[in-house]
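Open the model in your viewer and keep the sequence panel beside it. The stops below can be selected one after another.

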Amino acid sequence: MSDGTTGTGTPPSRRALLGWGGAGLALGAAAAGGAVAAVTGGGDATATAAASGAAVPFHGTHQAGVATAVQDRLHFASFDVKTGDRAELVRLLKDWTRAAERMTAGQAVGEGAYGGLAEAPPDDTGEALGLKPSRLTLTVGFGPSVFDARFGLRERRPAALVELPAFKGDNLDPARSGGDLCVQACADDPQVAVHAIRNLARIGFGKVAVRWSQLGFGKTSSTTPEEQTPRNMMGFKDGTRNISGTDTAALDEHVWVSGKDGPAWLAGGSYLVARRIRMNVETWDRTPLQEQEDIFGRDKGEGAPVGRARERDEPFLPAMLPTAHVRLAHPDSNGGARMLRRGYSFTDGTDGLGRLDAGLFFLAYQRDVAKGFVPVQRSLAASDVLNEYIQHVGSALYAIPPGVRDEDDWWGRALFS
Ligand SMILES: C=CC1=C(C)c2cc3[nH]c(cc4nc(cc5[nH]c(cc1n2)c(C)c5CCC(=O)O)C(CCC(=O)O)=C4C)c(C)c3C=C
Ligand SMILES: [Fe+2]
């Protein structure tokens, strides 16, 4: 297998094509440092890392793509496992891990996209050649259905990994819900994220099939509060009170599964809730500004909570409508529940009735869904005035294993060992 550096008959890595090949190690380390700065540093470091197209380290205690700085683009895919052979599934997870190591470092999959046997299709599909690593992160998850009888994993199913309850107003499409495995690909370049999912799906041909996938074009939450807060498709700042990627105390309390929570294989991992939430943007755009602000409990320009001046001022919940989104979602209204939001806006063309098929692909990581998403969504589903403008049309839940520690480790090793 090629190491991704240039040589006769060997396809160059994306990094090599950028002129990084010879000094790959030194520059790779610098790029990783930039990515670390993106996670731990200030806004300037984040902006620099994004602009430089740096690589985010793949190996670590936790998977990248949860607490690491949120990139601007998403390709999320949910897969059904087609093989009934446990060994084949393990082989796939190992192959996926090795390919993910390469792609997140800006290298082509396997022997690359050209230069190999003319009689065989290339290992890599090629559309990311010449592009920077673009802070690509690949995050894998296991859905409840993978713990059925097929792979002998019944005893290993986390007690907390139960199907989400039905919520008032849900209009879920089974074709956009569920799945045995997921891969969240985030990057600053959409082509890099799409290339990653395409190549993982290709490696999995015959063993897994994409059940549904979702592209996202603008982050709606960040883990870097020192950055400018992004705006959602309703024009409001979204993610102001999200968990910061540097707030280790909050991450330990609300996001990472601990050894005490069980099962042991999931320690250092998390749970991911994905919801495709359609917005009726045409109706929203005809709603008066005051009403829009009352619905969220924040103003549209600054993003300040009702009665306050600045975005980061502490919300005073009694000043908001009892049905305001922020009042209902706030931890004080939900027994202290918090989650790390990492969603993206989407626009998937039109719906045939002249309306944009647009909305929020809501992604939230948490330590326990029963104490995070479920109580908050119950309260939102029952009373949120925002419900007049939105509808949940897709839903999935996954257990997110801990990070891949080194080159000998692989996604899900502790689960299958
Ligand atoms: C069940 C969890 C949540 C869903 C589903 C959800 C959907 C949703 N949210 C917005 C826009 C905003 N949400 C904001 C705050 C906010 N939302 C949730 C949870 C869900 N949102 C939480 C936990 C919070 C933070 C509450 C707090 O601590 O104050 C905001 C305000 C800015 C912010 O703090 O992020 C906006 C704006 C939309 C449009 C939407 C569905 C389409
Ligand atoms: Fe919200």
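The tour goes from confidence to the ligand, then to a set of strands.

Residues are numbered from 1 along each chain as its sequence is written, with chains lettered from A and ligands numbered from 1 in the order in which they are written. This is a predicted model, in which local features need pLDDT of at least 70 and side-chain atom pairs count only at pLDDT 80 or more, while totals for chains, interfaces and linings use all residues.

**Confidence.** Colour by pLDDT, the predictor's confidence in each residue, from 0 to 100. The protein averages 90, and 88% of the residues score at least 70. Now select residues 1–43, where the pLDDT is below 50.

**Ligand 1.** Select ligand 1 and the 27 residues that surround it (C-beta atom, placed from the backbone, within 6 Å of it). The closest are F236, T240, R241, A329 and Q377. Of the helices (DSSP runs of H or I, at least four residues) and strands (E, at least two), numbered from the N terminus, β6 (270–279), α9 (325–329), β9 (356–366) and α10 (373–383) each supply at least two residues of this shell. The largest share, four residues, comes from α10.

**Strands.** Next select β8 (residues 344–350), which pairs in the antiparallel sense with β5 (residues 218–219) over two bridges; pairing requires at least two bridges found by DSSP. Here K219 has Y344 as its bridge partner. β8 also pairs with β9, again antiparallel, over five bridges, and S345 stands opposite L360. Finish at G352, in the hairpin of β8 and β9, where this residue takes a positive phi near 90 degrees.

Terms used
Two residues are in contact if their C-beta atoms, placed from the backbone, lie within 7 Å.
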